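Colleague: Could you walk me through the charged and aromatic side-chain contacts here?
Modeller: Gladly, let me put it up.

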Amino acid sequence: MPDVPLWLWTAFAAAVVVSLAVDLLAHRDTHVIGFREAVVWSVVWAGLALVFAAVVFAVLGATAGVQYTTAWLLEKSLSVDNLFVFALIFGYFKVPRAYQHRVLFLGVIGALVFRGIFLAAGVAVVTRFSAVLFVFAAILLYSVYKILRGQDEGFDPGRSLTVRMLRGVVPVREEYCGARFLVEEGGRRVATPLLAVVAAIEAADLVFAVDSVPAVLAVSDNAFIVYSSNAFAVLGLRALYFMLAGMLDRFHHLSKGLAVILAFIAVKLILQAAHKTIHSAVPEIPSLVSLAVVIAVLAVSVVWSLLRPPSPAAGEAGAERPEEQPAGRRTPGERTDRASDDPRDGDSPP
């Protein structure tokens, strides 16, 4: 793969900054994001990512273009799993829908920063120690095991490390104060629950990075390819959330599809590591095959979910959720069943 010219890095950075600025201006007034608006923005973000893919094809060649497209689709599919956790967090903290976009906007900025750090470290390690790919493959296979065993749903917003750290730094009041994150109360600076929500969102992204970073490094070890694909996938995550809000339970087979994709990527990592550390005769999976597998598995998962809707029991459970809050992996009301989950108790946020 040819070296990435400085101007392409600059164009990418400018595209991200301008996109964030336009999005911030377009949503400077707090309002509920409707389905139609979310669809428009989803098309805009996907279109921007595909335009950039065309630029990568033209400047860096077909191999880089296929790797970028595969990495973007892979990160996009894995990010769908984040949507369930977002719904869980918003339901747990009872976040008004008008404030959810602002929270996710800050979450995106945090994700861009942390993913950049993790990916840079991952590329550096893979470049120097190819055998670490075996470790990454093991991480992905363990994630597959957790998904298939139903153990990938244990994220507790109230007990995330970042939320507890926030409470240790600044007091958190019980009531929201519009879209503000900090307020003056009794002569001191106090955080609103909205800041605790941002902390929980960031904690969730750190958890998902454990799967995301090894997976994308299986597609490419080029820093530009892996980070730009991650960035464009993350940029479109908010619009995708609001577009699918209330319909997440319909894609109940998507987790099985993600497990298949992660298992495939793990095999790809093992072959890559064996090719580099054991013998060059060990075959590697071509990038074009990876792209085809990701697209095929996603398509089958979505179609299967739509043709085989959830069981009536699951539908009834979803009907009990408040209409204004999108369905998560568990109902927000579950936290009231245990005293330790009460937001006013101990280390839990309000």
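Colleague: Which residues are linked in a network of salt bridges?
Modeller: Glu75, Arg115 and Asp205 are linked in such a network, where a salt bridge is a side-chain nitrogen of Lys or Arg within 4 Å of a carboxyl oxygen of Asp or Glu. This is a predicted model, in which local features need pLDDT of at least 70 and side-chain atom pairs count only at pLDDT 80 or more, while totals for chains, interfaces and linings use all residues. Residues are numbered from 1 along each chain as its sequence is written, and side-chain values use heavy atoms, with hydrogens and water left out.

Colleague: How many salt bridges does the rule give?
Modeller: The count comes to six, and one of the bridges joins the side chains of aspartate 23 and arginine 238, at 2.2 Å from N to O.

Colleague: Where do aspartate 23 and arginine 238 lie?
Modeller: Aspartate 23 is in helix α1 and arginine 238 in helix α9 (residues 237–244), so the pair ties together parts 215 residues apart in sequence; helices here are DSSP runs of H or I with at least four residues, numbered from the N terminus.

Colleague: And is aspartate 23 buried or exposed?
Modeller: Aspartate 23 is buried, at a relative accessible area of 2%, and arginine 238 is buried too, at 3%, where buried means under 20% relative accessible area, exposed over 50% and partly exposed in between, with a 1.4 Å probe and protein chains only.

Colleague: What does glutamate 184 form a salt bridge with?
Modeller: Its partner is arginine 189, with the closest N and O atoms 3.7 Å apart; glutamate 184 is exposed at 52%, whereas arginine 189 counts as partly exposed at 47%.

Colleague: Switching to rings, how many aromatic pairs are there?
Modeller: A search of the whole structure finds 15, counting rings of Phe, Tyr and Trp (its six-membered ring) whose centres lie within 6.5 Å, with planes under 30 degrees apart called stacked, over 60 edge-to-face and the rest tilted. Phenylalanine 12 and phenylalanine 224 have ring centres 6.0 Å apart and planes at 75 degrees, so that pair is edge-to-face. Phenylalanine 12 sits in helix α1 (residues 6–26) and phenylalanine 224 in helix α8 (residues 223–235), 212 residues apart, and both are buried.

Colleague: Which aromatic cluster includes Phe12 and Phe224?
Modeller: Trp9, Phe12, Phe52, Tyr68, Phe224, Tyr227 and Phe232 form that one cluster.

Terms used:
Helices (H or I, at least four residues) and strands (E, at least two) are DSSP runs, numbered from the N terminus.
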